[in-house]
Amino acid sequence: MSAATSPTASPSEASKLAAFDALIAENQRIEPSDWMPEAYRKTLVRQMSQHAHSEIIGMQPEGNWITRAPSLKRKAILMAKVQDEAGHGLYLYSATETLGITRDEMLDQLHTGKAKYSSIFNYLAPSWADMGSIGWLVDGAAIANQVPLCRASYGPYGRAMVRICKEESFHQRQGFEILLALMNGTEAQQRMAQESVDRWYAPALMMFGPPDAESPNSQQSMAWKIKRFSNDDLRQRFVDMIVPQAEFLGVTLPDPDLRWNEDRGHYDFGELDWDEFYAVLRGSGQANALRLAKRRAAHDEGAWVREAARAYAERAASSERLAS
Amino acid sequence: MEHQRQPPTEVLTPEALAASVGQQGGSPSPPDAVARYALGLGDDALILAQRLGEWIANAPELEEDVALGNIGLDTLGHARSLLTYAGSAWGKTEDDLAYFRDEADFRCRQIFEQPNGDFAQTIARQLIVSAYFTVLYRGLVDSADGTLAAIAAKAAKEVDYHLDHSEIWSVRLALGTEESRRRTVAGLEAIWPFVDELFADDPAADAVPAVAVRPGTLREPFDAIVLPVLARAELAVPTTPAVAGGGRLGVHSEALGHLLAEMQVLARQHPGAVW
């Protein structure tokens with residue numbers, strides 16, 4: 001089967017498509033100036049802008065703790081991390097703009113609820129230990145998802161991901177260190193860490209998306225080499241990674257079915273609550289409304305600043321024209 | 001007794017300083033009088049960084065989330081170095097000083113604790129404090145205290161960028177739209193009453209004349225930076241009367257208590273805990 005099937009292609013379209021398919025087959029990069037099937041472009045815009053939105057919304061649960069971080073070192077690390085996320089959002093919006101959509105249009109889709117962001121940020125972060133769990137589990141799952149994206153077939157996406165992945169691994173480590181400090185701390189701190197891991201474990205596993213059998217977009221994305229591994233493969237890889245880390249931390253992962261399977265050479269784990277996943281996706285998570293309202297408020301309250309910057313730039317440009 | 005001049009040490013990260021201060025081969029702990037001076041400077045930076053941290057995820061555009069975050073992070077770095085150094089005189093860590101002192105023990109000047117207001121007011125405050133830090137740290141590079149001189153040398157380079165950022169935005173907002181101009185004027189008027197206090201006498205500085213920069217000497221170079229920016233932005237110097245001040249003596253505005261309540265809440269719920 002062709003990587004990109006398009007039954008209605010005209011003869012010239014057909015030869016462009018053949019060239020595109022050949023590039024994909026040879027593991028070459030597609031660049032912004034290359035022809036690409038409309039469906040490929042749309043899939044990328046959807047995935048990349050969702051990814052950018054996730055970085056921006058993802059600033060909120062951690063931004064919520066910057067002013068209360070319990071040590072100045074943790075405050076500095078958290079500020080740097082949230083700032084990195086804003087930077088990731090910027091690269092990703094820029095990379096997506098190469099596909100013919102503007103940042104304003106993408107933000108508009110986010111603010112009107114038309115575009116999605118990672119559902120994980122619709123969970124609340126009421127505890128300091130959540131800064132640890134978000135780093136260790138949420139960023140950990142994000143890395144497992146994102147490392148293969150460094151080889152994504154679309155050039156600007158793959159290159160943006162290389163830089164993002166480097167910073168994400170620092171984020172995961174700082175999350176692990178927060179939990180480690182808590183687990184080495186007082187009883188109250190240990191309880192705080194365990195309670196947080198209890199809340200984040202299953203939602204983090206669901207970040208890889210529904211089981212392969214129920215993930216209709218995945219196969220096409222894999223054929224296009226945007227996505228390189230299936231949801232279930234990535235989830236398994238992630239579980240295999242975090243179990244020994246949890247043992248090192250001394251936290252219990254809240255899954256009675258979690259055990260090593262000698263035959264498979266992997267950890268078995270229990271069924272996830274996919275009803276909850278779809279409910280959060282539909283908008284009934286703990287924080288869907290809160291996250292979006294806060295994002296809209298920041299944007300709306302900043303409108304006059306952006307207008308001022310535009311007006312000033314226009315005036316500066318026209319006085320330059322007069323001078324020349 | 002005059003504090004002995006030390007050669008400026010390498011660029012001092014707070015961690016490196018905390019690990020080396022008072023140790024053999026590291027920076028010596030400061031005498032009490034120098035520590036008191038450093039404490040005031042550290043509190044200024046800490047409280048400003050806390051305010052800037054409030055902007056992250058709330059800025060008018062992503063570029064400003066990054067920029068204000070960066071400025072806040074640099075400023076927090078200065079605070080950590082200064083507080084670590086000051087605390088070493090008393091067997092206290094930066095966190096002991098940041099989290100386990102009450103309002104009246106803080107020595108920050110009142111401008112740093114003022115609420116952010118809107119973006120225009122934050123930029124007005126940032127223009128003033130960046131200009132102040134610029135002239136302060138440039139002067140402090142020649143301090144007889146080698147550690148303070150080294151901290152100042154690193155900070156001077158960073159606040160130069162902060163000043164650029166606030167200059168650009170001051171002009172842009174003042175000459176942008178009617179609304180941005182109205183807000184800029186209002187922001188500047190709200191923050192200007194706290195300017196004079198920056199240059200008021202400080203007993204902690206007077207006690208260590210070879211180490212400290214006398215605040216009064218900074219007014220002229222400060223004006224030389226700020227007044228031309230206001231002129232370019234076509235903004236008049238506000239005539240709003242100065243507040244009484246007294247931050248260096250532990251006298252604060254109502255805003256500081258709220259800021260500390262938020263900043264200290266978790267640390268105080270778990271005294272003695274390591275994070």
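N27 of chain A is partly exposed, with a relative accessible area of 49%. N27(A) sits in the loop between α1, residues 11–25, and α2 of chain A. Its phi is positive, about 60°, although N27(A) is not a glycine. Please keep in mind throughout that this is a predicted model.

Chain B has a residue of this kind too. E234(B) is not a glycine, yet it has a positive phi of about 55°. You will find E234(B) in the loop between α10, residues 219–232, and α11, residues 255–269, of chain B. Is E234(B) buried or exposed? With a relative accessible area of 55%, E234(B) is exposed.

Now for a buried residue. T43(A) lies in helix α2 of chain A. Its relative accessible area is 13%, so T43(A) counts as buried, the cut-off being under 20%. Leaving aside residues up to four places away in sequence, T43(A) touches S221(A), W224(A) and I226(A).

Next, chain B as a whole. Which elements does chain B contain? It has 11 helices and zero strands, and read from the N terminus the elements are α-α-α-α-α-α-α-α-α-α-α. The radius of gyration of chain B is 18 Å, close to the 19 Å that the globule rule gives for 275 residues, so chain B is as compact as a globular protein of that length. Its C-alpha trace spans about 60 × 40 × 35 Å along the principal axes. Of the 275 residues in chain B, 59% count as buried. If we take the contacts in chain B with a separation of 6 or more, 81% of them are between residues 24 or more positions apart.

On to the nonpolar core. The largest one has 185 residues, and the members that touch the most others are Y40(A), W128(A), W136(A), Y37(B), L46(B) and Y137(B). Which helix gives the most to this core? That is α6(B), with 14 residues. Let me pick out Y37(B).

The largest cavity has a volume of about 70 Å³. Three helices of chain B give two or more residues to its lining: α6 (119–140), α7 (146–174) and α8 (178–191). The largest share, four residues, comes from α6(B). Among the lining residues are A120(B), W169(B), T184(B) and L235(B). By class, the lining of this cavity has nine nonpolar residues, two polar ones and no charged ones.

The second largest cavity holds about 50 Å³. Helices α2 (32–53) and α6 of chain B each supply at least two residues of the lining. By class there are eight nonpolar residues, no polar ones and three charged ones.

Last, the pockets. The largest pocket has about 1300 Å³ of space. Which of its 49 lining residues lie nearest its centre? They are Q50(A), N145(A), M207(A), F208(A) and G209(A). Several helices of chain A supply at least two lining residues each, including α2 (38–57), α4 (72–97) and α7 (155–183). The lining divides into 23 nonpolar, 15 polar and 11 charged residues.

The second largest pocket has about 560 Å³. Of its 25 lining residues, S71(A), T93(B), E94(B), D95(B) and V274(B) are the closest to its centre. Helix α4 of chain A and helices α1 (14–20), α3 (62–88) and α4 (94–99) of chain B each give at least two residues to the lining. The most, four residues, come from α4(B). By class, this lining has 10 nonpolar, six polar and nine charged residues.

Conventions. Residues are numbered from 1 along each chain as its sequence is written. Chains are lettered from A and ligands numbered from 1 in the order in which they are written. This is a predicted model: local features need pLDDT of at least 70, side-chain atom pairs count only at pLDDT 80 or more; totals for chains, interfaces and linings use all residues. Side-chain values use heavy atoms; hydrogens and water are left out. On a 1 Å grid over the protein atoms alone, a cavity is a set of points where a 1.4 Å probe fits but cannot get out, and a pocket is an open set with protein on both sides within 12 Å along at least five of seven lines; lining residues have an atom within 4 Å of a point. Grid points are joined across faces, edges and corners, and a volume is the space filled by probe spheres set on the points. Ala, Val, Leu, Ile, Met, Phe, Trp, Tyr, Cys and Pro count as nonpolar, Asp, Glu, Lys and Arg as charged, and the others, Gly among them, as polar. A nonpolar core is a set of buried Ala, Val, Leu, Ile, Met, Phe, Trp, Tyr and Cys residues joined through side-chain atoms within 4.5 Å. Buried means under 20% relative accessible area, exposed over 50%, partly exposed in between (1.4 Å probe, protein chains only). The radius of gyration is taken over C-alpha atoms; the globule rule is 2.2 Å times the number of residues to the power 0.38. Contact means heavy atoms within 4.5 Å.
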